[in-house]
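Please keep the structure in view while reading.

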Amino acid sequence: ASCRALMNCSLPHRVLLGSLMEGQRDRLCLQSLWDFVTTQEPLIKSPFFPVLFSFTAYMAFCLPYIALDFLSIRLPDLRKYKIQPQNYPSLGMMVPCIIQSVYHHVVLIFPVTFLHWYWRPMHLPVMAPELPEVLLQVAVCLLLFDFEYFLWHLLHHKVPWLYKTFHKVHHKHVSTFALTTQYSSVWELLSLGFFAAINPLLLGCHPLTEMIFFLVNIGLSVEDHSGYDLPWSTHRLVPFGLYGGAPHHDLHHLKFKSNYAPYFTHWDKLFGTFMESHSN
């Protein structure tokens, strides 16, 4: 019926109806997912949800790399993907990272998200966002976060007091592993959390877009600190060397004075702080 209606319309009306139908198809791509998410509305609107979501996502992204750390010690075929194959994290190195992450989520992140829940309750719209809108806004959020963290990171390396007081703890491990991603000071954790939270708010993102951005951001950050250069790593999928990935960030932890941007390479190239990474 919709096709017959489209054929009977004049050309301008056909273009308009065609674009509306295209938008509906894009929205329907995510509507089923959003309908499922909204069935969990009591949980999502709970003050505990942001902390549970953040910690669960973080550990879920870390677990495959933790398994890889233990397996690659025994399997040479996996060891070749380790960026610093002479360095492997021990259980004694991993446990303090997990304890600190739990402590930060309970003692720091929960009070902040509780205040946000109290002052700005979450509204869940009926309709899902359109897929192109989600992809565009997630990309913009990532680019903004990359710029914000680049400036913060550069400043905290160039000013000795800032480095010693706030950022040095994150550089405890010269050879990174997944659980070092959030091994940081309170100030660093809250700063990066603020950058991640404010960008979707400024863009007026749909709650589903916001969740997807948080997942992508956590996943990329864990990959950056994983210590592995895998065949499907993000930097291998993004062309023209635009994305640095794990080798780029691993070199930062090794050398300290280059590669300050978390994800993309353009800011380091513009500011003259870029260093080419060579895995293994």
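Q: What makes Lys-82 count as lying over the face of Tyr-88 in this predicted model?
A: Lys-82 is placed 5.4 Å from the ring centre of Tyr-88. A charge sits over a ring if NZ of Lys is within 6 Å of the ring centre and within 35 degrees of the ring normal, so Lys-82 is described as lying over the face of Tyr-88. Lys-82 also lies over the face of Tyr-228, at 5.4 Å from the ring centre.

Q: How many aromatic pairs does the rule give?
A: The count comes to 16 aromatic pairs.

Q: Why is the pair of Phe-147 and Trp-267 called tilted?
A: The ring centres of Phe-147 and Trp-267 are 4.7 Å apart, with 40° between the planes. Stacked pairs have planes under 30 degrees apart and edge-to-face pairs over 60, the rest being tilted; therefore 40° makes this pair tilted.

Q: What does the pair of Phe-147 and Trp-267 tie together?
A: Phe-147 belongs to helix H7 and Trp-267 to helix H13, so the pair ties together parts that are 120 residues apart in sequence.

Q: Why does Phe-147 count as partly exposed?
A: Its relative accessibility is 30%, and partly exposed covers the range between under 20% for buried and over 50% for exposed. Trp-267, at 22%, also counts as partly exposed.

Q: Why is the pair of Tyr-149 and Trp-152 called stacked?
A: The ring centres of Tyr-149 and Trp-152 are 5.9 Å apart, within 6.5 Å, and their planes meet at 20°, under 30 degrees, so the pair is stacked. Both residues lie in helix H7, 3 residues apart, and both are buried.

Notes:
Residues are numbered from 1 along each chain as its sequence is written. This is a predicted model: local features need pLDDT of at least 70, side-chain atom pairs count only at pLDDT 80 or more; totals for chains, interfaces and linings use all residues. Side-chain values use heavy atoms; hydrogens and water are left out. Rings of Phe, Tyr and Trp (its six-membered ring) pair if their centres lie within 6.5 Å; planes under 30 degrees apart count as stacked, over 60 as edge-to-face and the rest as tilted. Helices (H or I, at least four residues) and strands (E, at least two) are DSSP runs, numbered from the N terminus. Buried means under 20% relative accessible area, exposed over 50%, partly exposed in between (1.4 Å probe, protein chains only).
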